[in-house]
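These are notes for a colleague on a single model. They take up the domains, the aromatic rings and a few backbone details in turn.

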Amino acid sequence: MPEYMSGFGNSFETEALPDTLPVGRNSPQRVAHGLYAEQLSGSPFTAPRASNERSWLYRIRPSVLHSGRFERVDAGLWRSAPESETHLPLGQLRWDPVPLPDTAQSFLDGVVTVTTAGDVSTHNGMASHLYLITESMVDDYFYNADGELLFVPEQGNVRFWTEFGVIDTEPGEIAVIPRGVKFRVELLGGPARGYLCENYGGAFTLPERGPIGANCLANPRDFLTPVAAYEDRDGMASRLTVKWGGALWRTELAHSPLDVVAWHGNYAPYKYDLRRYSPVGPLLFDHADPSIFTVLTSPSETPGTANVDFVIFPDRWLVAEDTFRPPWYHMNVMSEFMGLVYGAYDAKPHGFVPGGFSLHNSMTPHGPDLEAFEGASAADLTPQRLQGTLAFMFETRYPQRVSAHAAAMPGLQQDYADCWSGLRRHFR
Ligand code: FE2
């Protein structure tokens, strides 16, 4: 079982071999055990302290050692913003789950882009992907220069072997792998399916809590970063694939790049169990904005305007009196990609199933379907427990473009808008 250190954005230090980390300095003339020292900068050197991220890695070989060049390779179904290859009619969109394939595919060929937003080359915006994995990466490694990766497992347990250590995840948890961190994805048991947010913008961080105070929502101590662990593999034929500038590139290595024996710093991958999220919400009447359920936010240069928010709709009590309890009818400057990990979502009791996804784009109207409206309008407003449910949203300031592949998916529900068509006139 992997071991972890608790805390969000801490300055961690960890070593897989004792007496590896230099004491009181980063780059001594000779590193212990004959290792190389290498810095990984997640922010510009001069970023303010609150957003300054870097780690020092003590590794068997420096990252600069590879075959000499990265050759461009087929990116499969992985797309990047800006992308305007399809022109679906504007409207609310929803898809059935995409089945796992019968063929062998690793994470490298298992990323399927649904939407892109912003511009990968200016580090603004994001992409919403699915991942469909039936095979572990063995001698393959990957890192993403375009953005950090937020994995939301929906089916199957996945192990991330990273430069910083090992992270295990199951549905109900998330994992975040920062830009530039090398890793490979291994299946633990059966195939795996889930959602993936590729965040081109500022690193995910915890939202401010304002008047909520020092506790609740996602608490820092529940975020887990792995202890150092390394692969000492030589004389092998391995490949390192990089996503850079919206394309995939590949080089050959004769060793494992996961050869970091010790590291310290605040730039590292982490996991979080969404079931530890402590929701805060309406106690007497009316409805808070869904931002009350933000787990992580990628800030932009404009205060209060997220590049991406990661928001969940977890188990909770509904207790508000004289209140329409489901999410209200809505038009939003932000665009909303939604997925469902398990259970049912209260605004869409049918048709939105685990593994499925929906897109309510910038200024596209949406809200409870007929069934949810009629149920909630007539409901006896006793306290109600939403149980065994976990929906989430990737919400970005940018409009989201649907990929050509997603636009042609057989699971695109042509009748989605019919779920509102029975909303009758009640005006008297
Ligand atoms: Fe909305």
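**Notes on the model**

1. The protein is divided into domain 1 (68-257 + 269-274) and domain 2 (278-413), with bounds that come from an automatic or database domain assignment. This is a predicted model, in which local features need pLDDT of at least 70 and side-chain atom pairs count only at pLDDT 80 or more, while totals for chains, interfaces and linings use all residues. Residues are numbered from 1 along each chain as its sequence is written, and side-chain values use heavy atoms, with hydrogens and water left out.

2. The centres of domain 1 and domain 2, taken over C-alpha atoms, are separated by 23 Å. Contact (heavy atoms within 4.5 Å) involves 53 residues of domain 1 and 51 residues of domain 2.

3. How much area do domain 1 and domain 2 bury between them? The value is about 4,700 Å², with 67% of it on carbon and sulfur atoms. Buried area here is the accessible area (1.4 Å probe) that two parts lose on being put together, summed over both. Of the area that domain 1 buries against domain 2, 19% is supplied by R94, W95 and Y195, more than by any other three residues.

4. Between domain 1 and domain 2 the count of salt bridges is zero. A salt bridge would require a side-chain nitrogen of Lys or Arg within 4 Å of a carboxyl oxygen of Asp or Glu.

5. The structure holds 30 aromatic pairs. Rings of Phe, Tyr and Trp (its six-membered ring) pair if their centres lie within 6.5 Å; planes under 30 degrees apart count as stacked, over 60 as edge-to-face and the rest as tilted. One of the pairs is F107 with F142, which is edge-to-face at 5.6 Å centre to centre and 75 degrees between the planes. Because F107 lies in the loop between β6 (93-95) and β7 (111-119) and F142 in strand β9 (residues 140-144), the pair ties together parts that are 35 residues apart in sequence. Strands (E, at least two residues) are DSSP runs, numbered from the N terminus.

6. F107 and F142 are both buried, where buried means under 20% relative accessible area, exposed over 50% and partly exposed in between (1.4 Å probe, protein chains only). They belong to one aromatic cluster together with W78, Y131, F151, F160 and F183.

7. Two charges sit over rings, by the criterion that NZ of Lys or CZ of Arg is within 6 Å of the ring centre and within 35 degrees of the ring normal. R72 lies over the face of W249, 5.7 Å from the ring centre. K182 takes such a place over Y143, at 5.7 Å from the ring centre.

8. A81 and P82 are joined by a cis peptide bond, with omega about 0 degrees. P82 is placed in the loop between β5 (71-73) and β6.

9. Which residues have a positive phi without being glycine? D19 has a phi of about 60 degrees; D19 lies in the loop between β2 (12-15) and β3 (36-41) and is exposed at 64% relative accessibility. D322 has a phi near 40 degrees; D322 lies in the loop between β21 (316-318) and β22 (335-342) and is exposed, with a relative accessible area of 77%.

10. L17 is also found in the loop between β2 and β3, and is partly exposed, with a relative accessible area of 31%. Its C-alpha atom is 6.6 Å from that of V261, 244 residues apart along the chain. Leaving aside neighbours within four places in sequence, L17 is in contact with H33, Y230 and V261.

Definitions and conventions: Helices (H or I, at least four residues) and strands (E, at least two) are DSSP runs, numbered from the N terminus.
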